[in-house]
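Please examine the sequence and the structure shown below. The paragraphs that follow lead the reader from charged pairs to the backbone and then to the overall arrangement.

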Amino acid sequence: MIKNISVIGSGTMGNGIAHTFAQFGYSVNLIDINQEALDKALQTITKNLDRQIGKGTLTEEQKVETLKHIITSTSVEAGVKHADLVVEAATENLDLKLKIFKDLDSFAPADAILASNTSSISITQIAAVTNRGDKIIGMHFMNPVPVMKLVEVIRGYQTSDETTKTIMSLSESLHKTPVEVNDYPGFVANRILMPMINEAIYTLYEGVAGVYEIDTVMKLGMAHPMGPLQLADFIGLDVCLAILKVLHDGFGNPKYAPCPLLVNMVAAGKKGAKTGEGFYTYTSGSKDLIVANKFKKS
Ligand SMILES: NC(=O)c1ccc[n+]([C@@H]2O[C@H](COP(=O)([O-])OP(=O)(O)OC[C@H]3O[C@@H](n4cnc5c(N)ncnc54)[C@H](O)[C@@H]3O)[C@@H](O)[C@H]2O)c1
């Protein structure tokens, strides 16, 4: 039975994952190499719990209980010693994840399941650096974790039925809807989403239409809650580029080649909302449209 959960990485996703498990009564050990990131994560969790109280979906007592269920640590070795499950949500970098999983394999109990929240790195490749391939699985939460209902559960080549079943029912215990998919580049979510975003960027780059027009067509015409260019800004243009490269390399199909405009924007440091500028500019919480012509292919 899963009771103790260690979460590796306390950034955007890690704090949301810790928040969600703690809210549903699991004991969480949130681990990051960076103490500042841990302090910031606890502040964010508190703020998001207050927001839930404001919406009437959580009580003050539940907030206190949730926070009681979370402890933090800067040591992976100490932090995973009693884990039934580890969910890794560290920076998206292959070498880093392989190193983390090697460590987890040595430090976590032999029967613990080790899951990754990776958006694009192969679960099978991660499993290969451990001695418990049957217990390695993808648990791909969506941002913001406490709000979004989906968990994309990714079965690596060696993942067992038992591990998959445990993670599917654990996800349901968080009031989420898990969906089981196999481990191929981009899984399902990003294999479909990223080509759409890339095509929107090509449409802009070729001068077919401007930022406002492209996003409005998809919002009002397809009932998407936000346009693909704005969504790319929120995901991070560097993250979109990295995932497109995984699709391009993994399938060897030119249809996944990242648009040169995306490559240029990332090289120029315009990575979307987090840097204050992408297809829109972001100043003190509000978003403004950049003149569309700026993006045209010359
Ligand atoms: N941001 C999203 O919308 C999103 C959505 C789904 C999945 N993901 C995936 O979730 C993972 C985390 O993404 P994020 O956006 O939260 O990143 P982030 O940059 O916000 O946070 C990453 C955290 O990992 C920490 N870290 C780095 N190396 C570490 C180590 N060795 N041990 C412990 N902590 C370490 C960093 O200090 C940082 O706090 C990535 O694999 C990403 O692909 C992200």
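In this predicted model, the side chains of Lys 97 and Glu 88 meet in a salt bridge, with 2.5 Å from N to O. Both Lys 97 and Glu 88 are buried. Side chains of opposite charge can pair when their charged atoms come close. The structure holds eleven salt bridges, and two further examples are described next.

One of them joins the side chains of Lys 68 and Glu 65, at 3.2 Å from N to O. Where do Lys 68 and Glu 65 lie? Both are in helix H3 (residues 60-68), three residues apart, which is about one turn of the helix. An α-helix has 3.6 residues a turn, so residues three or four places apart point the same way. Lys 68 is exposed, with a relative accessible area of 58%, because a residue counts as exposed when this value is over 50%. Glu 65, by contrast, has a relative accessible area of 37% and is therefore partly exposed.

Another salt bridge is formed by Lys 274 and Asp 238, whose closest N and O atoms are 2.8 Å apart. This pair links distant parts of the chain, since the two residues are 36 residues apart: Lys 274 is in the loop between helix H12 (260-267) and strand E9 (280-283), and Asp 238 is in helix H11 (residues 237-251). With a relative accessible area of 54%, Lys 274 is exposed, whereas Asp 238, at 24%, counts as partly exposed.

Lys 55 lies in helix H2 (residues 35-55) and counts as exposed, because its relative accessibility is 58%. Is Lys 176 buried or exposed? Its relative accessible area is 6%, so Lys 176 is buried. Lys 176 is found in the loop between helix H7 (161-173) and strand E8 (177-182). The C-alpha atom of Lys 176 is separated by 9.5 Å from that of Phe 141, although the two are 35 residues apart along the chain.

The backbone deserves attention as well. The peptide bond from Asn 143 to Pro 144 is cis, with omega near -5 degrees, and Pro 144 is placed in the loop between strand E6 (136-141) and strand E7 (150-155). Phe 187 has a positive phi, near 55 degrees, in a residue other than glycine. This residue, Phe 187, lies in the loop between E8 and helix H8 (189-205) and is buried, because its relative accessible area is 4%. Ala 223 is not a glycine either, and its phi is positive, at about 60 degrees. Ala 223 lies in the loop between helix H9 (211-222) and H10, and at 66% relative accessibility it counts as exposed.

Helix H10 (residues 228-235) has as its buried residues Pro 228, Leu 229, Gln 230, Ala 232 and Asp 233. After H10 comes Gly 236, whose phi is positive, near 110 degrees.

Finally, how is the chain divided into domains? The domain assignment gives domain 1 (4-182) and domain 2 (190-292). Taken over C-alpha atoms, the centres of domain 1 and domain 2 are separated by 27 Å.

Key: Residues numbered from 1 in each chain as written. Predicted model: local features only at pLDDT ≥ 70, side-chain atom pairs only at ≥ 80, totals over all residues. Heavy atoms only, no water. Helix = DSSP H or I, 4+ residues; strand = E, 2+ residues; numbered from the N terminus. Buried < 20%, exposed > 50% of the residue type's maximum accessible area, 1.4 Å probe, protein only. Domains from an automatic or database assignment. Salt bridge = Lys/Arg side-chain N within 4 Å of Asp/Glu carboxyl O.
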